[in-house]
Amino acid sequence: QTATHLFSLGSSGAGTITKIDANDELLAASSTDRTARVWKINGRRQLHTLSGHTDHVLSCCISFEGSRVLTGSADRSIRVWDVTNGNCLNNIQCGTTVRDIAQARDGSVTVTANQNNTLGVWDLRIRKNIQSLDIHSKPVTSVSLSPDGDRILTCSLDNSLKVLDLRNMDTVFTLQDRSYATSCSTSRVAFSSDGRFVVAPSVTGSLVFWDLQS
């Protein structure tokens, strides 16, 4: 397959992560220039440059219904942005670098992968940290939700992945293997489209798969 250059960050910084919304209409990208950007995929049109963070923006996600963009930064904050006008709606101080961010479909719960080894659980509607889960022994690099929205997947520099039940935040699986070591502080992991498999890039140069039904 041949890659097609569709979108330019239009910044002096390097892109850190990109996310596409559930309807394949919006693209968001975070950058080391302390901004994030939002594009309309159809037409390849940039909608907004989201400015306000004071350090590298390391992560972003788009709410399930597509009305909000969430960003996490090395300035130790989460920001919530209005997709319609690009305005910042919320600025929540976290006390630690936010390396990745994900939100439940109904918006009731937001989870952050944190530099201080914790998984942060937030209700951004009331600007409150509900829980800080000490499930890893080193910085957490990645957090994502399963396709059905019921489980959380994390990855850490402690060379393990965790699968949690979103309803009660209990750990369902701890995933480790002799062939796997977390590649770097920006390492991301993912569920397969049916939620059965988990894949992670290893420092060995290989991709490691786990079957959650085996």
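Is aspartate 211 buried, exposed or partly exposed? Hold that thought while we get our bearings. This is a predicted model, in which local features need pLDDT of at least 70 and side-chain atom pairs count only at pLDDT 80 or more, while totals for chains, interfaces and linings use all residues. Residues are numbered from 1 along each chain as its sequence is written, and side-chain values use heavy atoms, with hydrogens and water left out.

Now for aspartate 211: with a relative accessible area of 23%, this residue is partly exposed. That label covers the range between buried, under 20% relative accessible area, and exposed, over 50%, using a 1.4 Å probe and protein chains only. The side chain of aspartate 211 meets that of arginine 196 in a salt bridge, 2.7 Å from N to O. (A salt bridge here is a side-chain nitrogen of Lys or Arg within 4 Å of a carboxyl oxygen of Asp or Glu.) Aspartate 211 sits in strand E19 and arginine 196 in the loop between E17 and strand E18 (197-201), so the bridge ties together parts that are 15 residues apart in sequence. Strands are DSSP runs of E, at least two residues, and helices are runs of H or I, at least four, numbered from the N terminus. Arginine 196 counts as partly exposed too, at 31% relative accessibility.

Stay with strand E19 for a moment, as tryptophan 210 lies there as well. Its ring belongs to the one aromatic pair in the structure. The partner is tyrosine 180: the ring centres are 5.6 Å apart and the planes stand at 80 degrees, so this is an edge-to-face pair. The rule is that rings of Phe, Tyr and Trp (its six-membered ring) pair if their centres lie within 6.5 Å, with planes under 30 degrees apart called stacked, over 60 edge-to-face and the rest tilted. Tyrosine 180 comes from the loop between strand E16 (171-175) and strand E17 (190-191), so the pair links parts that are 30 residues apart in sequence. Tyrosine 180 is buried at 4% relative accessible area, and tryptophan 210 is buried at 11%.

Leucine 207 also lies in strand E19, but this residue is exposed, at 58% relative accessibility. Together with Phe197 and Phe209, Leu207 makes a nonpolar surface patch of about 320 Å². Patches are built from residues with over 30% relative accessible area and no salt bridge; like charges are joined within 9 Å and nonpolar side chains (Val, Leu, Ile, Met, Phe, Trp, Tyr) within 5 Å. The areas come from the Shrake-Rupley method with a 1.4 Å probe, and for residues only the protein chains shown count as cover.

Back to charges: the count comes to seven salt bridges. One of them joins aspartate 123 and arginine 125 at 2.9 Å, N to O. Aspartate 123 is buried at 10%, whereas arginine 125 is exposed at 60%. Aspartate 165 and arginine 167 form another, with the closest N and O atoms 2.7 Å apart; here aspartate 165 is buried at 11% and arginine 167 exposed at 71%. Lys19, Asp100 and Arg188, meanwhile, are linked in a network of salt bridges.

Finally, look for an open sheet of four strands in the order E5-E6-E7-E8, with antiparallel pairing. Its edge strands are E5 (57-62) and E8 (88-93), each pairing on one side only. Inside the sheet, E6 (residues 68-73) and E7 (residues 77-82) pair over five bridges; two strands pair if DSSP finds at least two bridges between them. Glycine 72 has isoleucine 78 in E7 as its bridge partner.
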